[in-house]
Amino acid sequence: MDEPRFPDKLATNAGAVDGSRRVNVSEGTEKIAAVVVTFNRKLLLEECLDSLLAQSRPLDAIYIIDNHSTDGTYEHLVDCGLIRPDANSAGTIRTVRSVPIPGRADVQVDVHCVRLPMNSGGAGGFHEGVTQA
């Protein structure tokens, strides 16, 4: 196995390193979120969200950035129960809902959805997602 290129940065930024296993110095207080940017890919988004919800370490939050999809992505998320509908569909829509993780009813993840008023591209979508997170 190759040595890390920047072992000092790895140890400083990620806590102690024990072989290939990362040991977190925050002792379980870290929060993990995923930012998902989508544009007219509702079925791929559904597959992605299923994968995120099935992670062995549950996420604390999922931020879905809808880059002004026109294929019914927003309505699909409402129909699936992942987000609540917003009566005001003009401009940027922000909605949050806690949903149970399949097979683990005692654990919930906050699903944030931001529907942008125009397509800002991948970089613009991720910028919005990181800003929200």
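Select Thr-73 and Asp-71 to begin, whose side chains are joined by a polar contact of 2.5 Å (a pair of N or O atoms within 3.5 Å, where within protein one must be able to donate a hydrogen and the other to accept it, and residues adjacent in sequence count only if both atoms are side-chain atoms). This is a predicted model, in which local features need pLDDT of at least 70 and side-chain atom pairs count only at pLDDT 80 or more, while totals for chains, interfaces and linings use all residues. Residues are numbered from 1 along each chain as its sequence is written, and side-chain values use heavy atoms, with hydrogens and water left out.

Thr-73 belongs to helix 3 (residues 73-79), helices being DSSP runs of H or I with at least four residues and strands runs of E with at least two, numbered from the N terminus. With a relative accessible area of 1%, Thr-73 is buried (under 20%, with exposed meaning over 50% and partly exposed in between, for a 1.4 Å probe and protein chains only). Beyond four places in sequence, the residues that Thr-73 touches include Thr-38, Leu-45 and Asp-66, a contact being heavy atoms within 4.5 Å.

The side chain of Asp-66 makes a polar contact of 2.6 Å with that of Ser-69 and a salt bridge with that of Arg-115 (4.0 Å, N to O), the term requiring a side-chain nitrogen of Lys or Arg within 4 Å of a carboxyl oxygen of Asp or Glu. Because Arg-115 lies in strand 6 and Asp-66 in strand 4, this pair ties together parts that are 49 residues apart in sequence. Arg-115 is itself buried, at 17%.

For a contrast in setting, select Asp-60 and Arg-57, which meet in a salt bridge of 3.3 Å; Asp-60 is partly exposed at 28%, as is Arg-57 at 33%.

Now colour the largest nonpolar core, a set of 18 residues in which Leu-49, Ile-62, Ile-64 and Leu-77 are among those touching the most other members (buried Ala, Val, Leu, Ile, Met, Phe, Trp, Tyr and Cys residues joined through side-chain atoms within 4.5 Å). Helix 2 gives the most to this core, with four residues.

Finally, colour by pLDDT, the predictor's confidence in each residue from 0 to 100. The value stays under 50 over residues 4-26, and where pLDDT is low, the predicted coordinates should not be read in detail.
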